[in-house]
Amino acid sequence: MKKRLVACLLTMAMAAGMVSGCGKSSESSESNEGTVYKIGICNYVDDASLNQIVDNIQSQLEVLGEENGVKFEVKYDNCNTDAAVMSQIISDFEADDVDLMVGVATPVAMQMQAATSESGTPVVFAAVSDPVSAALVDSLEAPGANITGTSDYLNTNALLDLVFAQNPDAKKIGLLYDIGQDSSTTPIKDAKKYLDDKGIEYVEATGTTNDEVMIAAKDLVADGVDAVFTPTDNTIMTAELSIYEVFAEAGIPHYCGADSFALNGAFVGYGVDYAVLGKETANMIAEILVNGADPSEMEVKTFDNGKCTVNTDICDALGLNLDDVKAAFDGLCTEIAEITTAESFDDVEQ
């Protein structure tokens, strides 16, 4: 009996040693490779601004991974404005047990917030223009839930100041936007107040598809507007390459709330540098995953809206002198950049 007990103990010890040995080998491998964090990124639509954000999130995460000795494993998808597809992408992220989700643009962030209310999976949003009004956070300073991120809030008054700096005699302004875009709600309201206070007439034109936006653009031309204002509206951004010639040929400058509009043919894009926004979004992701920061206590990151991007092709088409434009904008922007018309930032040198 005693011999059997000793043999049994020896067998158990050997088995334990084998298990222990395997465990050490695995731990050693993990140590060499670093901790792996799984991240799910969902983009709202394929456009220059949002794609630029995603590119910079991923490139910055690679840098931060090397700096911290960890690996960020990113799963990326694009719902292209389809709510059903968006919901499926987010469900897949949950099923994959990602450590954190990234929602690019307001609709995605809102859906992620709802989907993670029980699981508590951290969510970092990018390019949400008004996260408080969208009820994503309690306040910019203290989000109050499992969500935080970066905002591309637009200073509408500052952008409209550029319109009248360039053309102080403008009498009628077109407001082109998608009424269903949350990112346009507050800026359009602010624009109406600004124009009402100045006693300037305005005409609204809206669209939810490229075809509708094209019709809306032609309607504004027919109405004889002196300039057109569009906030950071993803629907109009997606359609910009299709409509910019309509405005250029009519001699109407289009002023918009992002440099990507100018890339795609608008006269002026004003607002956040989306490359910087993408990098800062990645920094927040790393702060949560690597350093254990609580998203509910992380202040939403906002940015200086002072960068103005002028499309030099359109400047010429409108018969304007670039030096005169820069002189008119001087003092109203922290930076004035030049760009030519292209589909992607990768296709043009700024």
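Y37 stands opposite F72 in strand β2. This pairing belongs to a predicted model. Strand β1 covers residues 36-43, and β2 covers residues 71-78. The two strands pair in the parallel sense over eight bridges.

**Strand β1 and its partners**
- Strands of a sheet pair through backbone hydrogen bonds, either parallel or antiparallel.
- β1 also pairs with strand β3, residues 100-104, in the parallel sense over five bridges.
- G40 stands opposite M101 in β3.
- N43 has V104 of β3 as its bridge partner.
- Why is β1 described as largely enclosed by the rest of the structure? Six of its eight residues are buried, so the rest of the structure largely encloses it. Buried here means under 20% relative accessible area.

- Five strands form an open sheet. Their order is β2-β1-β3-β4-β5, and the pairing is parallel.
- β2 and β5 (147-149) are the edge strands, and each pairs on one side only.
- From one strand to the next, the twist averages 25 degrees.

**Helices around the sheet**
- Helix α4, residues 106-115, packs on the sheet. It touches β1, β3, β4 (123-126) and β5. The direction of α4 makes about 150 degrees with that of β3.
- Helix α10, residues 274-289, lies across β1, β2, β3, β4 and β5. α10 runs at about 170 degrees to β4.

Definitions and conventions: Residues are numbered from 1 along each chain as its sequence is written. This is a predicted model: local features need pLDDT of at least 70, side-chain atom pairs count only at pLDDT 80 or more; totals for chains, interfaces and linings use all residues. Side-chain values use heavy atoms; hydrogens and water are left out. Buried means under 20% relative accessible area, exposed over 50%, partly exposed in between (1.4 Å probe, protein chains only). Helices (H or I, at least four residues) and strands (E, at least two) are DSSP runs, numbered from the N terminus. Two strands pair if DSSP finds at least two bridges between them. Axes are lines fitted to C-alpha atoms, for helices over the stretch in contact, and angles run from 0 to 180 degrees between N-to-C directions. Contact means heavy atoms within 4.5 Å.
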